[in-house]
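Reader: Before we discuss any details, could you show me the sequence and the model together?
Author: Here they are.

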Amino acid sequence: ISSLRKIKCPVVITSKGLEQKTNLLFPEILKEIFGPENEKYIGCLSGPSHAEEVIKNLPTSIVCSSYSEETTALLSKAFNGPTFRVYPNPDILGVSFGGAMKNVIAIACAIADGLGFGDNTKAALMTRGLHEMKKLCPTKGGKPETLNGLSGMGDLCVTCLSQFSRNYRFGRLIAKGYNMEDAKAEIGMVVEGVYSCIAALELAKRFNIQVPITESVYAVLYENLSAKNVVKLLMQREIKEELR
């Protein structure tokens, strides 16, 4: 990919996640590869966009972003279409962070569904999960308010509510008693939330931020704690003001 350094045209990221060990977002990785002088060519697309629906021309809205306002506008114009609406957003790091972190919360929601909990539980997990995402977002240079939009709440909704989601299907398997490796093998594709969970927890510890839902997902996946017991621990946490 470093050979692209000489190509003076936009490079568009459509993947979501955080690099293992470095905790870098994809735009940060490309910026290292291409050099800061070429950051204006780095862009991304993100938001609620299952390919199974996009290919059927079902109405879809996402966001595009870049380090450059000019490139952001170019991407919006290039990808916008009759059934595919592309909103420009100047916060490339916030947009990318939302796409990475929503997968962790989706696993939590799927486990809850698999255990037979109801809509109240899922609503709480999604709302409090978004709160965790917004608290962590500034640690990667993003703006919390960006996550109120399609790359945050929008992507979170589609991932937590859809059977198309790999992360959701993975969580349902965990609830059935699969261990992490067997569940990943059953899905047969990358389950991003498994890895983003580690990165998110490292960021939370480094900046002393409480992320109980993320911690719970980590405990179930990597410490073999019972999902039912983890839910009990979540519900027994000390009560604090909602948005702190």
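Reader: How many bridges join strand β3 to β4?
Author: This is a predicted model, in which local features need pLDDT of at least 70 and side-chain atom pairs count only at pLDDT 80 or more, while totals for chains, interfaces and linings use all residues. Residues are numbered from 1 along each chain as its sequence is written, and side-chain values use heavy atoms, with hydrogens and water left out. Helices (H or I, at least four residues) and strands (E, at least two) are DSSP runs numbered from the N terminus, and two strands pair if DSSP finds at least two bridges between them. Strand β3, residues 60–66, runs parallel to β4, and the number of bridges joining them is five.

Reader: Which residue in β4 is the bridge partner of S61?
Author: Strands β3 and β4 run parallel. In β4, the residue that bridges to S61 is R85.

Reader: In what order do the four strands form the open sheet, and which are the edge strands?
Author: The pairing in this open sheet of four strands is mixed, and the order is β1-β2-β3-β4. Pairing on one side only marks the edge strands, which are β1 (11–13) and β4 (84–88).

Reader: What angle does the direction of helix α1 make with that of β1?
Author: Helix α1, residues 26–34, packs on the sheet and touches β1 and β2 (42–46), where contact means heavy atoms within 4.5 Å. Axes are lines fitted to C-alpha atoms, for helices over the stretch in contact, and angles run from 0 to 180 degrees between N-to-C directions. On that basis, the angle between α1 and β1 is about 150°.

Reader: How many of the five residues of β2 are buried?
Author: Both faces of β2 are covered, with I42, C44 and S46 on one side and G43 and L45 on the other. Buried here means under 20% relative accessible area, exposed over 50%, and partly exposed in between, with a 1.4 Å probe and protein chains only. Strand β2 is largely enclosed by the rest of the structure, because the number of its residues that are buried is five of the five.

Reader: Why do the buried residues of α8 line one face of the helix?
Author: In helix α8 (residues 180–187), the residues M180, A183, K184 and I187 are buried. The arc is that of the directions from the helix axis to the C-beta atoms. Seen down the axis, the buried residues of α8 line one face because they fall within an arc of 100°.

Reader: Is H131 buried or exposed, and which residues does H131 touch?
Author: H131 sits in helix α5, residues 119–136. With a relative accessible area of 12%, H131 is buried. Not counting residues up to four places away in sequence, H131 touches E242, L243 and R244.

Reader: What is the phi of N208?
Author: Most residues other than glycine have a negative phi. N208 lies in the loop between α9 and α10 and is exposed, with a relative accessible area of 70%. Although N208 is not a glycine, its phi is positive, at about 55°.
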